[in-house]
Amino acid sequence: MDFFDRFAIPHASPAIYASMVAIVLTSVAIVAGLTYFKKWGYLWREWLTTVDHKRIGIMYLLSALLMLFRGGVDAIMMRAQLAAPESKLLDAQHYNEIFTTHGVVMILFMAMPFIIGFMNFVVPLQIGARDVAFPRLNAISFWLFFMGAMLFNISFVVGGSPDAGWTSYFPLAGNEFSESVGTNYYMIAIQIAGIGTLMTGINFMTTILKMRAPGMTLMKMPMFTWSSLITNAIIVFAFPVLTVLLAMGTMDRLFGTQFFTTENGGMDMLWANFFWVWGHPEVYILILPAFGIYSQVISTFARRNLYGYKSMVWSMVIISLLSFLVWVHHFFTMGQGALANSIFSITTMAIAVPTGVKIFNWLLTLWKGKIVITTPMLYSMLFIPLFTIGGVTGVMLGMSAADYQYHNTMFLVAHFHMVIIPGVVFAMLAGLTFYWPKMFGFMLNERIGKLTAWIIAISTLVAFMPMFFTGLDGQARRMYTYSEATGFGPLNMISFVGALGLAAGFVLLVYNVYYSTRYASRDISADPWDARTLEWATHTPVPSYNFAVEPQVSSEEPLWDAKKNGHELFKGEYKEIHMPNNSGVPFIMSSIFFVWGFSFVFSLWIPLILATIGIFACMTHRSFEKDHGHHISVKEIEETEEKLRGA
Amino acid sequence: MKIDHSLPLEYSTEENRLKILGFWIFLGAEIMLFATLFAGYFTLANRTGNGPTGAEIFEITPVLIETFLLLASSFTIGLGIHAMRLGNKKAMLTFFAVTLILGLGFLGVEIYDFVVYVHEGAAIQTSAFTSMLLTTLGTHGAHVTVGFFWGLFIILQVRKRGLTPETANKSFIFSLYWHFLDVVWIFIFSFIYMKGMM
Ligand code: HEM
Ligand SMILES: [Cu+2]
């Protein structure tokens, strides 16, 4: 039985046994359901093998929502533990595991797929393209992300979760202090997902640079496309750092190298530096597409074009450059001299300038607009003041001398939640509500939607504002409890209430999906929000080829031109359309990657070698494969268009 | 598939042009990957712990042979692409084969080098310096190994399918990759070996 001992959980608890049972039951239910309803073929043909950017986008979004709930449960457990002093709900080890998985899941497996999901669904439509540049690669990206996320999530029930924080600093993350396989999961699961993300970056940069509709020059691209282009450029330059970093961490843990050790020349600060050279650009990878979504939503519902288009673009370019020059602000207190700290303080505060430019552009768009309050718009308007709180406290943290007071306290935790929740999560919810009709052919209920937005916004404030105060009073982050005498109790209780409010908000969101699926009208137009860009110019549901005729563009708001100024979007006749074929290889190869990762985590060398061979076999197969895609004939296009116009 | 005959074969279709741009972007990512390794190397180069220093283990002869082999292979693959543009399939395949043989020679010498390092007490676990050195060299070597098989597959395909827009595109992209590995080697040669021996 020795062999199986390694898979046991080092610190098991009822919660973990309960989730084991839950996982088994859910899996059985899914398999049984698919078999009973005879859906295996459908699942394989329409989803697992698809290379269609719209379907891949939807799968990204569903995974992100799933992970939002996983990360949300972690969050509730943490806040419950801290709600009262000296609480015994969780012990220190569990608390460590939970804040680690919460951070990783939320940033890498919730926020990342959320933004990439929107890029997938929206960007090709917005630029009038038929798909992304490399549809097959896109499927590989998705499945690698998915398998990475799954691998990371099973750590909870097989072998133990990572417990060294989402930043996983060495020497804490080394073998000496993190004995379980948890940190191996961290290194390898993120590696697999990260490779997928890197390929997304390459794919979308190529797509946006090369596949825009005729007339759409760079300075006529819709703002979400601009933000995606810049984000993907950051991905291409930042993610290789993560690749190297994780490989080095893996080798330190499994092969006994000396990169980050404290003897034989090893240098633990190298991890911290590399981590944040990737990590700070990463937070801008999250926020820039969110800014893009806000720009789309705000100009749509202010019923006017975006104020300051050029300055919006330039501010994003500047942010993307600066984002690589500020990483030291994450460890001002960790030993570099005053000069280095001062330089990085200045670069950090400089980022607030282009960010401010964007805020003022949105405000001026609203100022001159005729505002219509819909759910997406409500999220956008709530975003502006809340995000400003996060941004201003960021500048406070950026002052290196003052940071000695705030660093590693709840103040920091409050800062990044006040940027990430209003910044990224609100944008994702706004985007979800906004694009829902295009994806699924009906609208989400507006009344429930607005109520949800208010609940989430107020709960965010209730949950995180108290932390600014306890943080200033000295409550440290990542501590599983505190004594009565500190007096942190009441404010932490308020935070817990806020966390429950957030949970209620997300439950309401799910209820809205259920309610609208049942009751919402399916009789909606292709452009239900009276929007301005090309994704709304095609039918709902969007045909596989997106546009029967390539659209013509002459400004950054082609659909608006067509509606108001008589611009002719679709000139010319139907022509045969070339489309890529579906393929099962991305799914199969990524599944082998899962086995590869699992074997690596547990140092099972023979399966690891076999899986490696399997991966190379898939790549070899791809090299020799002849796949020229297929053509959709003019007749087929005519029939599809006829049907969709009627519908 | 629309073929534009005014352009070289490897650029002649829309799909081919996308692939070439995509590959350049991929090379951008590869530059960052090696830049990170170099940054790590510069940080750890003098942190030798109880292990040997660079000056103690580096030998000029094998390194010069490696350099010569890899630079020569970069030249021959250039000739191969030139032959491809002229439509001379046989010459192209010969040059590609020579390239791969030179690559194999490079790998042989590099492996020999690694064995010597380990014998001299510079294994991957010895010190931060040796960990970083062998990882950097190893990453480059792994790229050459992957390149070897990739190149082999391309030779087989060109032999069987002839010079089509598709195979020409693959060959051209492969040549970009191979040149890139050469450029990385030049950095390794100058900043790891030359600097380390001085
Ligand atoms: C005005 C712009 C911003 C400034 C000046 C700023 C500044 C800072 C500083 C100085 C820290 C480190 C503080 C410490 O450890 O003591 C920090 C942490 C953090 N920031 Fe920001 N920030 C800004 C915007 C953002 C945005 C937009 C995001 C995400 C979307 C973000 C996410 C984070 C995260 C996740 C951390 C904490 C990481 C950790 O230690 O676990 N920040 N910020
Ligand atoms: Cu930062």
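Q: Which protein donor does the iron atom of ligand 1 have?
A: Donors are N, O and S atoms within 2.8 Å of the metal (3.2 Å for Na, K and Ca), and water is not among the atoms, so sites may look incomplete. In this predicted model, the only protein donor of that iron is A:His415, through NE2 at 2.2 Å. A:His415 sits in helix H14 of chain A, residues 410-440. Helices here are DSSP runs (H or I, at least four residues), strands are E runs of at least two, and both are numbered from the N terminus.

Q: Before we go on, how should I read the labels and the model?
A: Residues count from 1 along each chain as its sequence is written, while chains are lettered from A and ligands numbered from 1 in the order in which they are written. As the model is predicted, local features need pLDDT of at least 70 and side-chain atom pairs count only at pLDDT 80 or more, though totals for chains, interfaces and linings use all residues; side-chain values use heavy atoms, with hydrogens and water left out.

Q: Are A:His280 and A:His329 buried or exposed?
A: Go by relative accessible area: under 20% is buried, over 50% is exposed, and in between is partly exposed (1.4 Å probe, protein chains only). Both A:His280 and A:His329 are buried. Now try A:Lys310, in helix H10 of chain A: its relative accessibility is 57%, so it counts as exposed. The C-alpha atom of A:Lys310 is 42 Å from that of A:Asp627, which is 317 residues away along the chain.

Q: How many helices and strands are there in chain B?
A: Chain B has six helices and zero strands, giving the pattern α-α-α-α-α-α along the sequence. Its C-alpha trace spans about 65 × 30 × 25 Å along the principal axes, and 53% of its 198 residues count as buried.

Q: How do I describe two helices that meet, like H3 and H4 of chain B?
A: The axes of H3(B) (60-85) and H4(B) (89-119) come within 8 Å and cross at roughly 165°. Angles under 35 degrees count as roughly parallel, over 145 as roughly antiparallel, 65 to 115 as roughly perpendicular and the rest as oblique. H3(B) and H4(B) are therefore roughly antiparallel.

Q: What does UniProt list as "transmembrane region" in chain B?
A: UniProt positions are in the numbering used here, feature names are shortened, and annotations may be inferred rather than shown by experiment. The unreviewed UniProt entry lists residues 21-43, 63-81, 93-112, 132-156 and 176-194. In the model, residues 93-112 are 100% helix, with end C-alpha atoms 29 Å apart. Residues 176-194 are also 100% helix, and their end C-alpha atoms lie 26 Å apart.

Terms used
Axes are lines fitted to C-alpha atoms, for helices over the stretch in contact, and angles run from 0 to 180 degrees between N-to-C directions.
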